[in-house]
Amino acid sequence: MTIRMFDLCGADPERRFSPFCWRTRLALAHKDLDVETVPWKFTDREAIESLGAQKVPTILDGEKMVTDSWAIAEYLEETYPDRPTLFPNGKGEVNFIRWWSEAVMTVGVASLILKDVYDHLDPVDQPYFRESREKRFGRTLEEVQSGRDKGVKAFRQALTPLRVTLQHQQWVAGSSPGFADHMCAGPFLWARATSPFRLLEADDSLNDWLNRILDSYGGVARSAPGYD
Ligand SMILES: N[C@@H](CCC(=O)N[C@@H](CS)C(=O)NCC(=O)O)C(=O)O
């Protein structure tokens, strides 16, 4: 049965940019499950609230609704145990990656591209995004993103644990990819979809891993609209 996934989009419905939705998109591809993505906008509340969800990613597997990227990964692992595992080493340490990728990567990337994200939204979503994100950050979108040429240096430095890990093993999850890789890739795919700003220097060894992610699973991420 085809799984339906509500997936955040910009003014261009093909431009899918949520870091959390990318986690789920890669996890579904990893499990080799049929998926139909449903483009979703921030102001399209009714479409997911009628299912009992507040945010995306949200999936519908038949009658079963699951929301939240971590909960979806757990659901897929439990429901499709015969498919390639998302947690080759169990879930324990992956939980650390979950919170590290959110606190360091997602927050870090937001401070570098937030106004660019806004620029890619459908005009109907822009007032909500500006108001909610400016409240969250306590500054205007323009202020959040200003000084990013300096800020990106600290962001790159903060990626050292990821960079060094990937100098010793092919994937964050070890010898094969897993949900740990999907979580770390999400923020990069978010930026790729919405901003020409370069998060990584051209000679950063992290590019090798990121390129492998982009080309994995039939190139599901590479073929999505974005800045390369
Ligand atoms: N913890 C959630 C976070 C999901 C999330 O924050 N999704 C954002 C899009 S990136 C959303 O749906 N936001 C709705 C809103 O801001 O109203 C997960 O891992 O899925």
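Visitor: Which residues of helix α1 are buried?
Guide: This is a predicted model, in which local features need pLDDT of at least 70, side-chain atom pairs count only at pLDDT 80 or more, and totals for chains, interfaces and linings use all residues. Residues are numbered from 1 along each chain as its sequence is written. Helices (H or I, at least four residues) and strands (E, at least two) are DSSP runs numbered from the N terminus, and a residue is buried if 20 or more other C-beta atoms, placed from the backbone, lie within 10 Å of its own, exposed if 12 or fewer, and partly exposed in between. Eleven of the twelve α1 residues pass as buried: P19, F20, C21, W22, R23, T24, R25, L26, A27, L28 and H30.

Visitor: How far does α1 reach from its first C-alpha to its last?
Guide: The expected span of a helix is 1.5 Å times one less than its number of residues. For α1 (residues 19-30), with twelve residues, 16 Å is expected, and the model comes close to this at 16 Å.

Visitor: Does β1 pair with β2 in the parallel or the antiparallel sense?
Guide: Strands pair if DSSP finds at least two bridges between them. Six bridges join β1 to β2, with L8 opposite W40. The two strands run parallel.

Visitor: Which residue in β3 is the bridge partner of F6?
Guide: β1 also pairs with β3, in the antiparallel sense over three bridges. There, the partner of F6 is T58.

Visitor: Is E46 buried or exposed?
Guide: E46 is found in helix α2 (residues 45-49). Because E46 has 8 C-beta neighbours inside 10 Å, E46 counts as exposed.

Visitor: Which residues are around the ligand?
Guide: A residue is near a molecule if its C-beta atom, placed from the backbone, lies within 6 Å of it. The shell divides into six nonpolar (Ala, Val, Leu, Ile, Met, Phe, Trp, Tyr, Cys and Pro count as such), two charged (Asp, Glu, Lys and Arg) and three polar (the others, Gly among them). These residues are L8, S18, F20, F42, K55, V56, P57, D68, S69, W70 and S132.
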